[in-house]
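Here are my notes on the model you sent over. Have it open while you read, and go point by point.

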2 protein chains.
Amino acid sequence: MQESLKSILSEAGIEDELIQEIQNVGFPKTARSGELIITPGSTSMHMPIVLEGLLSVVRQDEDANEILLYYLEGGETCAMSLACCIEGKRNDFKVTAEDESVLWMIPMNYLDGWIQKYKSFRKYIFSSYQVRFDELLETIDSITFLKLQDRLYKFLLDKKEATRSYEVNMSHQEIANQMNTSRVVISRLLKQLEREGKIEQHRNRIEIL
Amino acid sequence: MQESLKSILSEAGIEDELIQEIQNVGFPKTARSGELIITPGSTSMHMPIVLEGLLSVVRQDEDANEILLYYLEGGETCAMSLACCIEGKRNDFKVTAEDESVLWMIPMNYLDGWIQKYKSFRKYIFSSYQVRFDELLETIDSITFLKLQDRLYKFLLDKKEATRSYEVNMSHQEIANQMNTSRVVISRLLKQLEREGKIEQHRNRIEIL
DNA sequence: TTTGATAAGTAACATTTGTTACAGACTGCC
DNA sequence: GGCAGTCTGTAACAAATGTTACTTATCAAA
């Protein structure tokens, strides 16, 4: 685990000295598949870096309708929780482990110092922000400009990228939830995609062709 | 103009020393109402701070369909252009002056140094990021969870907040463009809002009651 | 005042998406 | 095998949004 932290940070251009510090002051946190990691309304005092596994970041409204914003994969961090913390703001999204996952938790109070001291860390933080930003924009694009059928196909392709697998292990109901629509609609559209030869369906599993 | 810059930065908690620097290395830029300030695909070497007026930030797809992301008002900055610059990435949105506006342009190469040196500047930058992020999330909320009628009403209220005026000076067509729908639909829904007593319509102008 | 251009109103219809209701299929467990 | 629970397929219908076509209103310039 220390090893994967080291290689991830080193990959990101962080110098050994800082990696050492991050190892010293942080601690690991594991999450089982399906486990809720951040709930709306909570405040956290740690910035998580994903070492292994996959997290989904989901937005909810008052009626518990949901929409998937993006995934956090190995090496990525939830920069939002940073500003969230700096400003003492509450989280307004929900983060769930999609897989068995391992996070490295860094206490917030170190961050400002590191940002001041290490150019590489500044770069890492700003780059995460930018990546998240771009993902949000892509999400907006999908919702705004695509028909449901295309959005659904993109959803499947994104999931495939995130999990590095052509198999999507979700029920129609779960997909419907993450896309803020209904199960029947998803069934209809998946059937359509199947007829077009883009996917193959099984129970609780979709194969992307 | 120097005065409004000073008061804005001082309001944001920036110390006099840095304000002085920002004044020294930056320069003003004025934009007429309707003028295009940032076009998709361009790269800019400056971070703009809005001194006066109002900018709209709009996302476009390949077919030139558009959707309004948010407004930038006095005192706010386009933090995105920051990371955009750090990473040498291209802008993928369009920024337009909604009003006669004045910006203060800061050359990018100073930013990293200031972030390192001034805690207040770090705070300013991160806070802008956070504000933008929140606005994007709100935009996603509207698109995802609201019916068009409610989204339209919210659109008008947002515009009212941004311009500090109960009069929205836009044609139905312009509103339709910014909401990525058609003029006829907007006319229909505005009529509905008028019947509900929420607005009053005139040519090129909507009064919010 | 006429004219041309733009803006807004409206009806009729098409398409997309959402809902309800029910049937059949699969899975795990007894 | 039988049963209970979950998942998927499908039809019929409802609601929301998009499109087309045309009319009327408003404004400003000639």
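1. Let's start with Phe126(A), which sits in helix 5 (residues 119-145) of chain A. Helices here are DSSP runs of H or I with at least four residues, strands are E runs of at least two, and both are numbered from the N terminus. Buried or exposed? Phe126(A) counts as buried because it has 23 C-beta neighbours inside 10 Å. The cut-offs: 20 or more other C-beta atoms within 10 Å of a residue's own make it buried, 12 or fewer make it exposed, and anything in between is partly exposed, with C-beta atoms placed from the backbone. From Phe126(A) to Arg188(A) it is 62 residues in sequence and 41 Å in space, C-alpha to C-alpha.

2. Before going on, some bookkeeping. This is a predicted model, where local features need pLDDT of at least 70 and side-chain atom pairs count only at pLDDT 80 or more, while totals for chains, interfaces and linings use all residues. Residues are numbered from 1 along each chain as its sequence is written, and chains are lettered from A and ligands numbered from 1 in the order in which they are written.

3. Chain A splits into domain 1 (2-143) and domain 2 (147-208), with bounds that come from an automatic or database domain assignment. Their C-alpha centres lie 27 Å apart. Nine residues of domain 1 and eight residues of domain 2 make the contact; two residues are in contact if their C-beta atoms, placed from the backbone, lie within 7 Å. On the domain 1 side, strand 5 (residues 66-72) of chain A gives the most, with four residues. That side of domain 1 divides into five nonpolar, two polar and two charged residues. For the classes, Ala, Val, Leu, Ile, Met, Phe, Trp, Tyr, Cys and Pro are nonpolar, Asp, Glu, Lys and Arg are charged, and the others, Gly among them, are polar.

4. Have a look at strand 3 (residues 46-52) of chain A: five of its seven residues are buried. Strand 3 runs antiparallel to strand 7 (residues 101-107) of chain A, and six bridges join the two. Pairing takes at least two DSSP bridges between the strands.

5. Now the two protein chains. In chain B, 27 residues are in contact with 27 residues of chain A. Which helix of chain B gives the most to that side? Helix 5 of chain B does, with 14 residues. By class, the side of chain B that touches chain A has 13 nonpolar, seven polar and seven charged residues.

6. Next, the DNA. Around DNA strand C there are 19 residues, and Leu148(A), Thr181(A), Val184(A), Ser171(B) and His172(B) come nearest. Near means that the C-beta atom, placed from the backbone, lies within 6 Å of the strand. Helix 8 of chain B has the largest share of this surface, five residues. The surface near DNA strand C has five nonpolar, nine polar and five charged residues.

7. For DNA strand D, 20 residues surround it, the closest being Ser171(A), His172(A), Leu148(B), Thr181(B) and Val184(B). Here helix 8 of chain A gives the most, with six residues. The classes come to five nonpolar, nine polar and six charged.

8. Finally, two backbone angles to check. Most residues other than glycine have a negative phi. Asn204(A), though, has a positive phi near 60°, and its place is the loop between strand 9 (199-202) and strand 10 (205-208) of chain A. Asn204(A) is exposed, as it has 11 other C-beta atoms within 10 Å. Arg164(B) also has a positive phi, about 50°, and lies in the loop between helix 6 and strand 8 (167-168) of chain B. With 8 other C-beta atoms within 10 Å, Arg164(B) is exposed.
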